[in-house]
Amino acid sequence: MLDLKTHTLLVLSEEGNFTKASARLAITQPAVSHQIKLLEKQFGCAIFVRNRTEVKLTEKGQIILKYARRMQALENKLIQTLADNDINPTNIRIGITHTSENNNIAAALGKYSAQNRNTTITIITEVTKNLYSMLENYELDLIIVEEKYNRPNLRYLTLDTDYLICIMAKENPLANKSSITINDLKKQKMIMRLPTSATRTLFNATLTGINESINNFNIILEVDNISTIKNLVKKDIGVSILPKSSCQQDIKRGELIGIPIENLSMIRETSIVYANDFPYHECLNDILKLYKELA
């Protein structure tokens, strides 16, 4: 369904220059340039800024590319749906956060797929902002995230309620306490999630609420991967702030100590988010039930 102009735009934006784009499209460079000029004439604006070595999108070009990618995702979804209709399987593309990789969500999704022979699930791990974008572009069917965005075209189903705790090694002097204070935490070396993560956002917002700042803490490392953070904490390199659900098994095995922080209520909901036109409503309650059984 995508015409040659739109397909050329997508390829040229990925390759970054006309030579590579023409080779990938198996057409000449003048033909690539012609297709882009047709597209620019259609929308009445410049899409690319050209120089000798590369092309860059203009501001309006970025908007056009965003919708072109959405059209491509819809076409891919259509092709997949038509193919599925012949043999009656269902493929559901689900986006989860890095936090969700470390709790029972992936296990629940795997169990659901195993119990429903005609259903396959593809799991994509990304940061929350990108997951919302992919959901709205129809690149994903649903997402499981810890933040709610105010979007009228989306629906939310609460999966779980979680809260942040301080985790540390058994050898840490604070490990025998039932709770710790902000001042205790300020004296510790800290290994934190990236500033863009939902965990870090909630921690920062909670500190702001009590007139504190993240700048008052000794952060020695920022790491995206939760498993890496937990391994570093187990070696007593520092302490961290993580969701209890992502550390529960480590705490049960005695590999980590999890302690609440006085006067910091860091509660958050994990939600299943889907568009108004999501077609597989029957699977939502089944996934929710399996998750609670595993929890």
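Strands β6 and β11 (267–275) each contribute at least two residues to the lining of the second largest cavity; helices (H or I, at least four residues) and strands (E, at least two) are DSSP runs numbered from the N terminus. The model is predicted, so local features need pLDDT of at least 70 and side-chain atom pairs count only at pLDDT 80 or more, while totals for chains, interfaces and linings use all residues. Residues are numbered from 1 along each chain as its sequence is written, and side-chain values use heavy atoms, with hydrogens and water left out.

**Cavities and pockets**

On a 1 Å grid over the protein atoms alone, a cavity is a set of points where a 1.4 Å probe fits but cannot get out, whereas a pocket is an open set with protein on both sides within 12 Å along at least five of seven lines; lining residues have an atom within 4 Å of a point. Grid points are joined across faces, edges and corners, and a volume is the space filled by probe spheres set on the points.

Two cavities of 30 Å³ or more are present in the structure. The second largest cavity is lined by Thr-99, Asn-103, Ile-105, Glu-146, Asp-160, Asp-162, Ser-245, Arg-268, Thr-270 and Tyr-291. Among the residues lining the largest cavity are Thr-97, His-98, Thr-99, Glu-146 and Arg-193.

The table gives volumes and lining classes, with Ala, Val, Leu, Ile, Met, Phe, Trp, Tyr, Cys and Pro counted as nonpolar, Asp, Glu, Lys and Arg as charged, and the others, Gly among them, as polar.

| Space | Volume | Lining classes |
|---|---|---|
| Largest pocket | about 340 Å³ | four nonpolar, eight polar, seven charged residues |
| Second largest pocket | about 260 Å³ | four nonpolar, four polar, seven charged residues |
| Largest cavity | about 70 Å³ | two nonpolar, six polar, three charged residues |
| Second largest cavity | about 40 Å³ | two nonpolar, four polar, four charged residues |

Of the 19 residues lining the largest pocket, Asn-103, Asn-104, Ser-245, Ser-246 and Gln-248 lie nearest its centre. At least two lining residues come from each of β6 (154–168), α10 (244–252) and α11 (282–294), and α10 supplies the largest share, seven residues. The second largest pocket has 15 lining residues, with Lys-66, Arg-70, Lys-129, Ser-133 and Asn-137 nearest its centre. Its lining receives two or more residues from α4 (59–87) and from α6 (128–136).

**Helix packing**

Two packed helices are described by the angle between their axes and the distance between the axes. Axes are lines fitted to C-alpha atoms, for helices over the stretch in contact, and angles run from 0 to 180 degrees between N-to-C directions.

Helix α5 (residues 105–115) packs against α11 at an angle of about 125°, with the axes 9 Å apart. The angle therefore makes α5 oblique to α11 (under 35 degrees counts as roughly parallel, over 145 as roughly antiparallel, 65 to 115 as roughly perpendicular and the rest as oblique). The crossing of α5 and α11 is right-handed; a crossing is left-handed if the near helix is turned anticlockwise from the far one by less than a right angle, and right-handed if clockwise. Residues of α5 including Ile-105, Leu-109 and Tyr-112 meet residues of α11 including Ile-287, Leu-290 and Tyr-291, where contact means heavy atoms within 4.5 Å. This contact comprises 10 nonpolar, one polar and three charged residues.

Helices α1 (residues 4–15) and α2 (residues 18–25) pack at about 130°, their axes 8 Å apart. Helix α1 is therefore oblique to α2, and the crossing of α1 and α2 is right-handed.
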